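Please look over the chain shown here before reading on. The paragraphs below go through its helix packing, its charged side chains and its loops.

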Amino acid sequence: MAQASKEPCKKEACDIQACLSKNNFLPQKCLKVIENLQSCCEKCDYKSTHCASVSGLLKQMPKIDE
């Protein structure tokens with residue numbers, strides 16, 4: 001198998017950085033890519049170093065699934 005399991009959510013984390021850079025670092029403009037990272041982290045049981053940042057981003061977001 002390829003080394004995809006080494007850092008399973010790297011692409012999603014990079015996508016967030018790119019989105020934030022383009023949108024004056026406003027997380028609310030990057031909801032979709034933040035959700036993609038959260039989904040990836042859930043799939044890998046948060047075993048990626050890139051998952052540490054997702055909880056901080058989610059705390060800044062308004063709750064949409066209450």
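In this predicted model, Ile34, Leu37, Gln38 and Cys41 of helix 2 meet Ser53, Val54, Leu57 and Leu58 of helix 3. Contact here means heavy atoms within 4.5 Å, and helices are DSSP runs of H or I with at least four residues, numbered from the N terminus. Residues are numbered from 1 along each chain as its sequence is written, local features need pLDDT of at least 70 and side-chain atom pairs count only at pLDDT 80 or more, while totals for chains, interfaces and linings use all residues. Side-chain values use heavy atoms, with hydrogens and water left out.

Two packed helices are described by the angle between their axes and the distance between the axes. The axes are lines fitted to C-alpha atoms, for helices over the stretch in contact, and the angles run from 0 to 180 degrees between N-to-C directions. For helix 2 and helix 3 the angle is about 135° and the axes are 10 Å apart. Helix 2 and helix 3 are therefore oblique to each other; angles under 35 degrees count as roughly parallel, over 145 as roughly antiparallel, 65 to 115 as roughly perpendicular, and the rest as oblique. Their crossing is left-handed, a term used if the near helix is turned anticlockwise from the far one by less than a right angle.

Helix 2 (residues 31-43) also packs with helix 1: the two axes come within 9 Å and cross at roughly 165°. Helix 1 and helix 2 are therefore roughly antiparallel, and helix 1 passes helix 2 in a left-handed crossing. On the helix 1 side the residues that meet helix 2 are Glu12, Ala13, Asp15, Ile16 and Cys19, and on the helix 2 side they are Val33, Ile34, Asn36, Leu37 and Cys40.

Glu12 sits in helix 1 (residues 10-22). Leaving aside neighbours within four places in sequence, Glu12 is in contact with Asn36, Leu37 and Cys40. What does Glu12 lack, although it is buried? Glu12 has no salt bridge, and the nearest side chain of opposite charge, Lys11, is 5.9 Å away. Buried means under 20% relative accessible area, exposed over 50%, and partly exposed in between (1.4 Å probe, protein chains only). For charge, Lys and Arg count as positive and Asp and Glu as negative, with His and the chain ends not counted. A salt bridge is a side-chain nitrogen of Lys or Arg within 4 Å of a carboxyl oxygen of Asp or Glu.

By this rule there are 2 salt bridges. One joins Asp15 to Lys11, with the closest N and O atoms 2.6 Å apart. Both residues lie in helix 1, 4 residues apart, about one turn of the helix. Asp15 is partly exposed at 28% relative accessible area, and Lys11 is exposed at 56%. Another joins Asp45 to Lys47, with the closest N and O atoms 3.9 Å apart. Asp45 is exposed at 53% relative accessibility, and Lys47 is exposed at 66%.

Most residues other than glycine have a negative phi. Phe25, in the loop between helix 1 and helix 2, has a positive phi near 55° and is exposed, with a relative accessible area of 53%. Tyr46 lies in the loop between helix 2 and helix 3 (52-60). Tyr46 also has a positive phi, about 60°, and counts as partly exposed at 43% relative accessibility.

How values were computed:
Helices (H or I, at least four residues) and strands (E, at least two) are DSSP runs, numbered from the N terminus.
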